[in-house]
Amino acid sequence: NSAPMAIAAVDRAGRVLRTNARFLKTFAGIVDRQAVDLHVKLDTLIHARDRDIFRQKLDMAMAGQADIAPLESVLPSDEARHLRVYFNAVADGAEEAADEAAFVYAVETTEQKALEAQMAQSQKMQAVGQLAGGIAHDFNNVLTAVIMSSDLLLANHNSASDPSFQDIMNIKQNANRAAALVRQL
């Protein structure tokens, strides 16, 4: 009863025979003590889209198969709540549990899924930042060449009376403004 995961013993028909306290907490709102006492079918606690694979994995456990991959699912009443469901065969020689065909363990993974999504978003933002930094660096190199070229042209056209002087000054001023924007990036 004090296990941190929901545990249910099921019979060959997939009906719940016994549960622990965490089971009732995890599936609250879907199943209550009375439904468990009436041997509710366990697959009704899994989202409809996952019920076929759930039943296949449960059948594997009932057949005594080991190392069954867990099932990732959500609660049927709240798709925001994620579960990881494990399947285990009943150990040979378990005389006290003659009706039990398999054990099912469920762990709520909602927080883990949220952290995974947050981490993925953080990695995306880091990649965008690196890309923007790389583009800014390359663009800054181009602007440096434009500024240096305008400085060379101004050395040859250094008088305000020269018709090209004002155009070259505009090029240099705009390149300096663009460089300031790149530094802000």
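Predicted model: local features only at pLDDT ≥ 70, side-chain atom pairs only at ≥ 80, totals over all residues.

Mentor: Two residues are in contact when heavy atoms of theirs lie within 4.5 Å of each other. With neighbours within four places in sequence left aside, Leu17 is in contact with Ala9, Val10, Asp11, His39, Asp99 and Glu100. Leu17 sits in strand 2, which covers residues 16-19. Val40 is 23 residues away from Leu17 along the chain, yet their C-alpha atoms are separated by 8.5 Å.

The average pLDDT of the protein is 88, and 96% of the residues score at least 70. Confidence is lowest in helix 2, with a mean of 85, and highest in helix 3, with 94.

Now the interior. In soluble globular proteins, nonpolar side chains tend to be buried together. Here the largest nonpolar core holds 25 residues, and those with the most contacts inside it are Phe23, Phe27, Leu42, Phe54, Leu58, Val85 and Phe87. Two or more residues each come from strand 1 (6-10), helix 3 (51-62), strand 3 (71-75), strand 4 (78-89) and strand 5 (102-108). Helix 3 gives the most, with 4 residues.

Within helix 3, Phe54, Lys57, Leu58, Ala61 and Met62 are buried. These residues lie on the same side of helix 3, because the arc they cover around the axis is only 145 degrees. An α-helix has 3.6 residues a turn, so residues three or four places apart point the same way. The buried residues of helix 3 pack against strand 1, strand 3, strand 4 and strand 5. Just after helix 3, Gly64 takes a positive phi of about 90 degrees.

Two phenylalanines in the core deserve a word. Phe23 and Phe27 are both buried. The model has 2 aromatic pairs. One of them is formed by Phe23 and Phe27, which are tilted, with 4.8 Å from centre to centre and 45 degrees between the planes. Phe27 also touches Ala6, Leu45, Leu75, Leu83 and Ala106, if residues up to four places away in sequence are not counted. Apart from this core lies another one, of 7 residues, among them Ala136, Ala175, Ala178 and Ala179.

Helix 5 has 20 residues and reaches 29 Å between its first and last C-alpha, close to the 28 Å expected at 1.5 Å a residue. Its buried residues are Phe165, Ile168, Ala175, Ala178, Ala179 and Val182. The arc of these residues around the axis is only 155 degrees, which puts them on the same side of helix 5. On the other side, Arg177, Leu181 and Gln184 are exposed. The buried residues of helix 5 pack against helix 4 (110-156).

Key: Residues numbered from 1 in each chain as written. Heavy atoms only, no water. Expected span 1.5 Å × (residues − 1). Buried < 20%, exposed > 50% of the residue type's maximum accessible area, 1.4 Å probe, protein only. Arc of directions from axis to C-beta. Core = buried A, V, L, I, M, F, W, Y, C linked by side-chain atoms within 4.5 Å. pLDDT = per-residue confidence, 0-100. Phe/Tyr/Trp six-rings, centres within 6.5 Å; stacked < 30°, edge-to-face > 60°.
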